[in-house]
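Open the model in your viewer and follow the stops below. Each one says what to select and what is there.

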Amino acid sequence: MSFDIAVLGAGPAGMAAATQAAQRGARVVLLEESPAPGGQVYRSPPTGFVIPADADSREGDALRAALMQSGAEVRTGCRVWGVGGGPLVPQGEASTPFRLDALGADGVPFDVTARALVLCTGTHERIIAFPGWTLPGVLGLAAATILLKAQGVLPGQRVVVAGAGPLLFAVGAKLLKAGAEVAAVVDLATRGEWLRALPALAARPDLLARGAAWRAALTLAGVPVLNGHRVLAAEGEAVLRAVRVVRLDGTDAQAIEADALCIGHGLVPATEATRAFRAAHRYAAEEGGWVPVLDGDRRTSIDLLYAAGDGSGVRGAAAAPASGRLAALAALHDLGMLDATAHNAARAIPAREFTRAARVGSAMARMMALRPALVTVVAPETIICRCEGTTRAQIDAALDDGATDMNQVKQYTRCGMGPCQGRLCGETAAEIVAARVGGREKAGFATGRLPLRPVPMEALLGDFDYADIPVPAPAPI
Amino acid sequence: MDAARQRDMLIGVANPLRIAGISRPAEVPFTFNGKILHAPSGEAVASALLAAGIRRLGEGPDPTRPRAALCMMGVCQQCLVRVDGRLAQSCLVPVRTGLVVTSA
């Protein structure tokens, strides 16, 4: 199937981008991995589940309703494993329409082509490795929000919430409301850091009020909030039994009994697709890490390739729809479907909305930025790459042996070569490499490779069979 | 109150990890390593196992890296199980009647 615009990812940015483009008459397809549009913040529960509405679910429902009326073709439950076309053509040839290869919800492989591609691929969570992080019962903060909001299941009965950023308090408050005991909130940030972030929040009083309500709920319930603390280790035999925490200066270590630890050290933009297209990237710690280089209308360095939402730099769910709309309008303009005057008029409102919401988002993203000190203390025997079992000692050995960047460390140690493709270990590993080679820019990133997601071999092969392998005729003797 | 809803509420009370006040589809049976479990149709297999008190989903490649739900969004590949014989991320597979789930 051929479209004007394909949008990858149906979070707030993708939903808004597809809606905007379809409303203005473009043929649009929106591809999403989850069973329903929404993304992580506005994730909807499975069919047949009715979960009481809150502010997030109402915003999500409004974006979903607009999308469904827009005329965009929405394909959910599909796993996009391949990106191609565009600039990815043999040298010297003209670029072609973009192509996305996917495995459908029904298990049947399909592909779509589109003249323009808007990437709204969101983020995944950064969890810096620590002893015991492989114990069952240790989950991500984002995982906890999915369990609470979209599954109606508690991660545990007595939970420690740890890490950085506003998600700490969102998860803590939601756990309390859902009936769990919150044993402690362990926050890397000091009170001073939060106070310095406050002025930026004034741009969106609604978000400020929500954050204040979360904190109030925790205080009211008598939950200890340990500022300037980190998790030293997760402890237990077969599953988590206790969380050992310590002040950042190494004093006041204590063990807290818990059957779940929800931990997250910020969000990392998912740039697999822009990396696969070899778009220009820059390292911006305060936006979550490596991000594609963009202009004010979300254009990447590749013609007709756009990026919006947190996947192009963490600015939060409130800023995402406006950035999606900006990308859609730029794509329409660049495809000749919207003239310059109309484009200028149409982009004014989303541009203003984005600037305002991004001010809050930036302040929160700074709270979630990677803290190198957390990586410095990772012990040699700690597993960094869970897929391949690579320890810090092995990464250090590779660096001693002469590895100079992430690709080489990957080749020396297999770190990042497993099925998660470095999404889980990449940040810890890159920071270890960066400390040795002189910064994240020098450490670089693992080259984007297909498949973007694990897919069964038969999906790649299609009906290609052994008998179809071309065998050249034997040379005459 | 109809019978199904009443049943759903009873289920919510019975399981301390399923959050109360949420209406869910009827529970359906599936198996994990041969044991019969029940969960609302459509709940993720990873959530259903968590609610059943099963957090260690398998022994994984070595004892230091057991299978367990971590990201719940299909990124980390830590919650791999076999569903009807095929490798699958338990956080992405919805519970259906008769699913045969085994450790991977």
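**Stop 1: a helix in chain A**

Select helix 9 of chain A, residues 340–367. Its 28 residues, at 1.5 Å a residue, should span 40 Å, and the end C-alpha atoms are 38 Å apart, which agrees. The expected span is 1.5 Å times one less than the number of residues. Helices here are DSSP runs (H or I, at least four residues), strands likewise (E, at least two), numbered from the N terminus.

This is a predicted model: local features need pLDDT of at least 70, side-chain atom pairs count only at pLDDT 80 or more, and totals for chains, interfaces and linings use all residues. Residues are numbered from 1 along each chain as its sequence is written, while chains are lettered from A and ligands numbered from 1 in the order written.

Now pick A:Arg347. Helix 9 of chain A has a kink of about 35° there, shortly before A:Pro350. The bend is the angle between axes fitted to the seven residues ending at a residue and the seven starting there.

**Stop 2: two positive phi values**

Select A:Arg298, in the loop between strand 18 (289–292) and strand 19 (305–307) of chain A. Its phi is near 75°, positive in a residue other than glycine. A:Arg298 counts as buried because it has 28 C-beta neighbours inside 10 Å. (Buried means 20 or more other C-beta atoms within 10 Å, exposed 12 or fewer, partly exposed in between; C-beta atoms are placed from the backbone.)

Go to B:Met72, with phi near 60°. B:Met72 is buried too, with 31 C-beta neighbours inside 10 Å.

**Stop 3: a cis bond**

Select A:Leu450 and A:Pro451. The peptide bond between A:Leu450 and A:Pro451 is cis, with omega near -5°.
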